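Take a look at the two-chain model below.

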Amino acid sequence: MSQKVLDALMAAMPGAVVRTGSAHGDETAWIKRDELVAVARWLRDDPKTLFDAPVFCTCTDWIDWKPQGRPPSEAWNETKPRYTVAYQLRSVTHKHRIRLEVEVPESDARCPSLADVWPAFNWQERETFDMYGIRFDGHPDLRRIYLYEEFVGYPLRKDYPKEKRQPLVRRDDLNLNPIKAPHAGEHK
Amino acid sequence: MAADARTLKQLVLGRKDVQDLSDIEQELPPDLMTVNMGPSHPAMHGTVRIVLTVDGEKIIKGDVQPGYLHRCFEKEAEHATYTQVFPYTDRLNYVSPMINNCGWAMAVEKLMGLTTKIPRRAEYIRVIVSEMSRITDHLTCVGASAMELGAFTPFLYLLKSREWMYELLEKVSGARLTHSYVRVGGVSQDLPENFGPELTQVLDRTAEVMVECQDLLNNNKIFHDRMAGIGAITREDAIRTGCVGPIARAAGVDYDVRRDFPYSVYPELEFDVPLGTTGDCYDRYLIRLEELKQSMRILRQCLVQIPEGPIMSDDHRVALPPKAATYNTIESMIRHFKHIMDGVRVPAGEAYSFVEGGNGELGFFIVADGTGRPYKAYCRSPSFVHLSTAEMLFKDHFIADVVPIFGMINMIGGECDK
């Protein structure tokens with residue numbers, strides 16, 4: 001259905017797209033990390049695509065990836081990027097969808113933030129940061145959302161043991177309360 | 001003498017008379033104040049903390065902090081077989097668990113290429129239990145919101161009606177709340193005997209309850225004043241912030257997964273998608289009432305159209321061998337054992353599948369690696385997205401308005417915090 005979208009994207013920004021796919025009917029485009037914001041803005045504003053509604057943002061940690069029934073070359077190794085950040089978008093007008101995926105290496109776990117383009121990604125990127133430790137550049141308020149600030153590590157990474165327990169130990173030196181002095185100045 | 005009396009009063013009461021205060025002292029302190037609402041607060045469904053910065057009664061900023069109900073759904077799902085995830089999905093949106101069950105099953109079926117191979121009777125049963133769940137979801141939302149505004153009677157009426165639905169769902173699945181009824185490839189058991197007439201009776205009685213509820217609430221001055229014009233969101237903002245479901249429809253966004261990305265047997269059913277105009281809390285309430293009626297309409301059609309037939313796909317990858325064969329032949333015994341212990345084997349790949357939940361688009365993004373357990377399972381919970389708009393909705397309202405806004409967002413703690 002929305003193969004048109006992938007074609008339009010390839011025509012407009014061929015340099016930004018690594019590859020595309022449509023397995024199970026989900027149109028997906030792998031985007032170069034540096035081009036993500038430009039691609040996102042184009043997808044949102046171009047009348048042919050008009051992706052005005054954000055759906056979700058999440059991340060996949062590939063470090064344990066050994067798919068069964070596939071050649072061993074598809075398994076993860078150190079030369080491949082460890083994370084993929086996925087953004088799913090939807091268009092209210094055209095009723096089509098696309099998923100943007102960005103590969104993020106372990107040594108530099110950063111991704112440009114789309115919170116400025118679609119406000120819904122503000123919280124979703126916070127969740128991804130909380131669970132996977134991906135740092136979103138340009139995010140207005142990147143702090144943990146489900147877990148507490150004292151939490152060490154990122155629990156949805158594959159190398160975080162499922163059985164690990166971390167009781168909450170309050171640390172007063174972290175100055176965590178977000179609502180303190182800064183907002184007093186905003187008031188007129 | 002008068003001065004002595006005043007000094008004495010000041011000593012006893014510890015404060016000055018008004019006429020003794022200077023002009024500045026008579027003013028309220030101009031500083032902003034921080035007020036904690038929740039995590040334990042009767043109006044904070046589940047548990048969520050809102051740190052309000054208030055100027056007098058007016059909210060300048062409301063920092064919403066979820067996470068108190070985080071139960072690691074995604075981490076647990078990565079270590080469970082696909083079938084074992086169903087009980088976890090029950091506990092996501094615990095007011096409409098059947099829709100979560102269906103959503104998860106459909107996501108796995110999409111990865112296995114089974115979407116079009118589900119028996120039609122199973123599809124109809126899924127739609128029936130989903131719509132019943134939608135009714136329980138909306139009844140709870142409307143009832144609880146009314147109660148939080150002081151209208152206790154509609155709450156009791158609506159919860160009475162919800163209980164009839166739960167009793168019927170208990171007959172279907174064996175559990176009142178945590179059904180775990182749907183399976184990959186179909187449903188776990190057929191509808192009980194006499195289900196149709198009982199459901200028709202429950203629908204008739206629920207329709208009466210709704211008339212009573214509307215009579216009590218729709219033109220109720222207190223209810224109207226507390227809901228109308230409160231927490232309004234524009235159509236553009238609703239789209240940009242990812243709102244779906246009743247909240248988006250109240251703001252005029254014409255989007256319903258059941259109609260726009262039809263799944264299951266919804267194309268064969270007739271229903272309308274109600275739309276609001278103002279996007280405020282009162283519109284959200286009216287939309288939910290109308291959706292209740294539409295769900296009932298769908299249910300009545302389903303009862304007429306539901307065919308006889310199998311309730312489980314005969315695909316050997318998802319169907320358990322018959323019990324008699326399991327007990328009497330070694331091949332079926334082994335297959336049964338492998339099926340339960342290793343789980344349903346899903347070919348490697350990734351897919352996002354979504355259904356219309358009680359609060360809007362509820363989706364599951366699964367990455368499968370060919371084994372019986374998901375490599376990654378992500379839940380796109382509408383409550384979480386809607387809660388992220390709460391800060392915008394609270395702005396410039398009064399503290400008392402937090403309650404209806406929050407009630408009509410219908411945040412379900414289990415779904416939001418996963």
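The questions and answers below test those labels against their cut-offs.

Q: What makes confidence a topic for this model, and how do the two chains score?
A: The model is predicted. Chain B has a mean pLDDT of 88, and 95% of its residues reach 70 or more. Chain A averages 83, with 89% of the residues scoring at least 70. The model scores ipTM 0.86 and pTM 0.86.

Q: Why is Val85(B) called buried?
A: The cut-off is 20 or more other C-beta atoms within 10 Å. Val85(B) has 29, so it is buried. Val85(B) lies in helix α4 (residues 85–90) of chain B. Not counting residues up to four places away in sequence, Val85(B) touches Ala77(B), Ala80(B), Trp104(B) and Ala377(B).

Q: How far from Val85(B) is Val211(B), by C-alpha atoms?
A: The two C-alpha atoms are separated by 39 Å. Along the chain, the residues are 126 apart.

Q: Why is Asp396(B) called exposed?
A: Asp396(B) has 10, so it is exposed. Asp396(B) sits in the loop between α17 (390–394) and α18 of chain B. Its phi is positive, about 65°, although Asp396(B) is not a glycine.

Q: Is Lys418(B) buried or exposed, and what makes it so?
A: Lys418(B) has 27 other C-beta atoms within 10 Å. The cut-off for buried is 20 or more, so Lys418(B) is buried. Lys418(B) is found in the segment after α19 (413–417) of chain B. Lys418(B) also has a positive phi, about 55°, without being a glycine.

Q: What makes helix α18 of chain B mostly covered?
A: Helix α18 (residues 402–409) of chain B has 8 of its 8 residues buried. They are Val402(B), Val403(B), Pro404(B), Ile405(B), Phe406(B), Gly407(B), Met408(B) and Ile409(B). After α18(B) comes Asn410(B), with a positive phi near 55°.

Q: Which residues touch the most other members of the largest nonpolar core?
A: Ile134(A), Val108(B), Ile366(B) and Ile405(B) do, in a core of 155 residues. Helix α6 (residues 120–148) of chain B gives the most to this core, with 12 residues. In soluble globular proteins, nonpolar side chains tend to be buried together.

Q: Which residues is Ile405(B) in contact with, leaving aside its neighbours within four places in sequence?
A: They are Ile230(B), Gly231(B), Cys281(B), Ala390(B), Leu393(B), Phe394(B) and His397(B). Contact here requires C-beta atoms within 7 Å.

Q: How many residues of chain B are in contact with chain A?
A: 43 residues of chain B are in contact with 36 residues of chain A. Strand β8 (residues 374–380) of chain B supplies the largest share of the chain B side, 4 residues. By class, that side has 18 nonpolar, 12 polar and 13 charged residues.

Q: How many helices and strands does chain B have, and what share of its residues is buried?
A: Chain B comes to 19 helices and 8 strands. Of its 418 residues, 48% count as buried. Its C-alpha atoms fill a box of roughly 105 × 45 × 40 Å along the principal axes.

How values were computed: Residues are numbered from 1 along each chain as its sequence is written. Chains are lettered from A and ligands numbered from 1 in the order in which they are written. This is a predicted model: local features need pLDDT of at least 70, side-chain atom pairs count only at pLDDT 80 or more; totals for chains, interfaces and linings use all residues. Two residues are in contact if their C-beta atoms, placed from the backbone, lie within 7 Å. Helices (H or I, at least four residues) and strands (E, at least two) are DSSP runs, numbered from the N terminus. Ala, Val, Leu, Ile, Met, Phe, Trp, Tyr, Cys and Pro count as nonpolar, Asp, Glu, Lys and Arg as charged, and the others, Gly among them, as polar. pLDDT is the predictor's confidence in each residue, from 0 to 100. A residue is buried if 20 or more other C-beta atoms lie within 10 Å of its own, exposed if 12 or fewer, and partly exposed in between; C-beta atoms are placed from the backbone. A nonpolar core is a set of buried Ala, Val, Leu, Ile, Met, Phe, Trp, Tyr and Cys residues joined through C-beta atoms within 7 Å.
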